[in-house]
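Biologist: Hello! Could you walk me through how to read this structure?

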Amino acid sequence: MSDNNIKENETIEEVNVDNEVAISNKDNLIKKSFQSKKFKSGAYSTLVTIVAIIIVIMANLFADELDLKFDLSSEKIFTLSDQTKEILSNLKDDVTIYQIVTSGNEDVSCMEVINKYSTQSGKINIIQKDPVVYPTFTDKYLGTGETITENSFIVECGNRYKVVLYKDMFVQEINMSTYEYEVTEIDIEGRITQAIMYVTSKNLPVMYEIGGHGEVALSEKVTGLISKENVELKQLNLMTGGSIIPEEAKSLIINAPMRDYTTEEVDAIIKYLESGGKILLLTTYTNNDMTNFNSLLEYLGVKLVDGVVIEGNSSYYLPDSQAYLVPKIEVHEITTPIKSSGLGIIVPLSKGIEILDSKRETVDIISLLDTSSEAYSKVDSTSSTIEKADEDILGPFNLAVAIKETYGENEARVVILGSSMILQDELLTYSSAGNSDLFLNSVSWLNDQESSISIRTRSVKNELLSLTGADVNLWSIITILVIPVIFLITGIVVWLRRRKK
């Protein structure tokens with residue numbers, strides 16, 4: 001072999017050795033890179049990220065499958081109340097809820113609430129009817145000249161049905177800043193649940209509104225609340241009607257009469273009570289002689305205190321309004337849902353209600369609302385000051401009472417409210433006050449519909465913070481005195497420490 005070939009082979013061998021060394025070094029570098037802290041940290045982060053992504057995907061699939069959603073709205077708009085759940089759990093008949101809406105135009109709020117009904121009870125069947133696909137479907141449910149708008153519902157059970165219009169599920173008020181209407185309350189659950197109760201009830205109660213004595217006419221808001229409770233409201237004038245109360249009258253409502261009743265009318269009401277009658281009675285201040293009407297109250301075991309109640313304890317009235325009372329709420333079927341929800345009740349210009357020691361032993365009277373012991377009744381209505389005078393009557397006072405009396409197999413029930421102004425529209429729609437709950441719960445209790453108590457509208461409007469007079473005083477002291485003193489003391493401490501250094 002020539003020298004050139006030998007050298008060439010040696011060169012090739014050297015190159016191969018160098019390549020092997022290079023490859024070996026590269027392998028070592030790769031191995032070391034996989035063993036480095038940087039790689040391990042990056043790999044761990046990547047693995048954690050992949051696992052997290054898988055968990056999120058699985059959680060979403062699991063939530064979608066089981067319809068797991070959380071209602072984070074302050075008013076729990078998309079959560080069914082305990083009352084609705086109880087009603088659904090006791091359903092014996094199948095109920096169909098038809099949603100009248102064009103496909104793709106479903107209202108999200110309505111769908112979120114309605115779907116909870118079928119989830120809660122197997123007796124509820126929800127069916128969507130597209131008016132384009134089924135143009136004549138609603139014909140059998142409509143009256144003359146009526147139309148069923150998009151996103152309205154028809155609740156049906158057997159031969160009974162009730163139409164729940166979309167507009168009735170959303171309360172609108174005019175915004176005085178923009179002069180435009182805006183949604184302030186949502187009443188989807190209330191309307192649908194009451195419709196279910198309507199179609200599954202055998203007989204609906206009838207309430208008669210007594211007139212003819214200067215009574216305050218019930219507002220459209222109040223009559224709407226009564227209708228919502230599946231109670232039919234009718235008018236009755238005992239004077240022109242021969243002092244006869246119809247047998248169908250499940251209950252009566254007497255709203256602040258300004259003129260006295262006749263003895264015949266009082267006798268008719270007492271006879272009605274003895275047969276198991278129910279009465280919601282609201283009072284008001286009047287200078288007129290009410291001898292016969294007061295005799296009816298005495299028969300019930302109570303009397304009205306002279307004057308108008310003024311509260312002396314700032315924890316029990318609105319700021320700068322000692323006649324606008326925020327009373328203590330006592331325990332009763334009517335008030336317990338209000339008390340547990342943390343709501344207050346505003347009672348303007350109220351009469352005090354005194355329970356008589358001479359009442360019959362068979363009469364059971366429970367106070368619903370009380371003043372503090374610092375309250376007094378202002379006897380002189382023409383006085384220019386609300387300061388307590390010598391002739392004023394010391395409290396405490398009952399501002400609302402519930403009365404029961406049993407006559408054989410019949411049980412009479414009466415709710416007396418010390419002020420008809422409890423039913424002012426602005427108080428009924430005030431979400432921080434339980435006035436509408438007090439009224440609705442009273443109507444339900446009188447008409448033996450306790451299961452529907454406190455299914456209330458959910459407010460979506462911005463409310464001003466509601467404070468009593470005591471709250472205003474407390475926060476004034478905190479903001480004007482306590483907080484500045486804390487800052488001052490903190491500053492002095494910091495200055496002294498720095499000075500010592």
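Modeller: Gladly; let us start with Lysine 234, which is partly exposed at a relative accessible area of 26%. Buried means under 20% relative accessible area, exposed over 50%, and partly exposed in between, using a 1.4 Å probe and protein chains only. This is a predicted model, where local features need pLDDT of at least 70, side-chain atom pairs count only at pLDDT 80 or more, and totals for chains, interfaces and linings use all residues. Residues are numbered from 1 along each chain as its sequence is written, and side-chain values use heavy atoms, with hydrogens and water left out.

Biologist: With which residue does lysine 234 form a salt bridge?

Modeller: A salt bridge is a side-chain nitrogen of Lys or Arg within 4 Å of a carboxyl oxygen of Asp or Glu. Here the partner is glutamate 248, and the closest N and O atoms are 2.9 Å apart. Glutamate 248 sits in the loop between β8 (232–237) and β9 (249–255), while lysine 234 is in strand β8, so the pair ties together parts that are 14 residues apart in sequence. Helices (H or I, at least four residues) and strands (E, at least two) are DSSP runs, numbered from the N terminus. Glutamate 248 is partly exposed, with a relative accessible area of 40%.

Biologist: How many salt bridges does a search of the whole structure find?

Modeller: The search finds 11. One of the pairs is lysine 123 with aspartate 94, whose closest N and O atoms are 3.9 Å apart. Lysine 123 is partly exposed at 30% relative accessibility, whereas aspartate 94 is exposed at 54%.

Biologist: Is arginine 413 buried or exposed?

Modeller: Arginine 413 counts as buried, at 9% relative accessibility. Arginine 413 forms a salt bridge with glutamate 411, with the closest N and O atoms 2.9 Å apart. Salt bridges that share partners join Lys250, Glu411, Arg413 and Asp448 into one network.

Biologist: And how do I read a pair of packed helices?

Modeller: Two packed helices are described by the angle between their axes and the distance between the axes. Axes are lines fitted to C-alpha atoms, for helices over the stretch in contact, and angles run from 0 to 180 degrees between N-to-C directions. Helix α4 (residues 108–120) packs against helix α5 (residues 188–200) at about 40°, with the axes 10 Å apart. The contact (heavy atoms within 4.5 Å) involves residues including Val113 and Tyr117 of α4, and Ile192 and Ile196 of α5.
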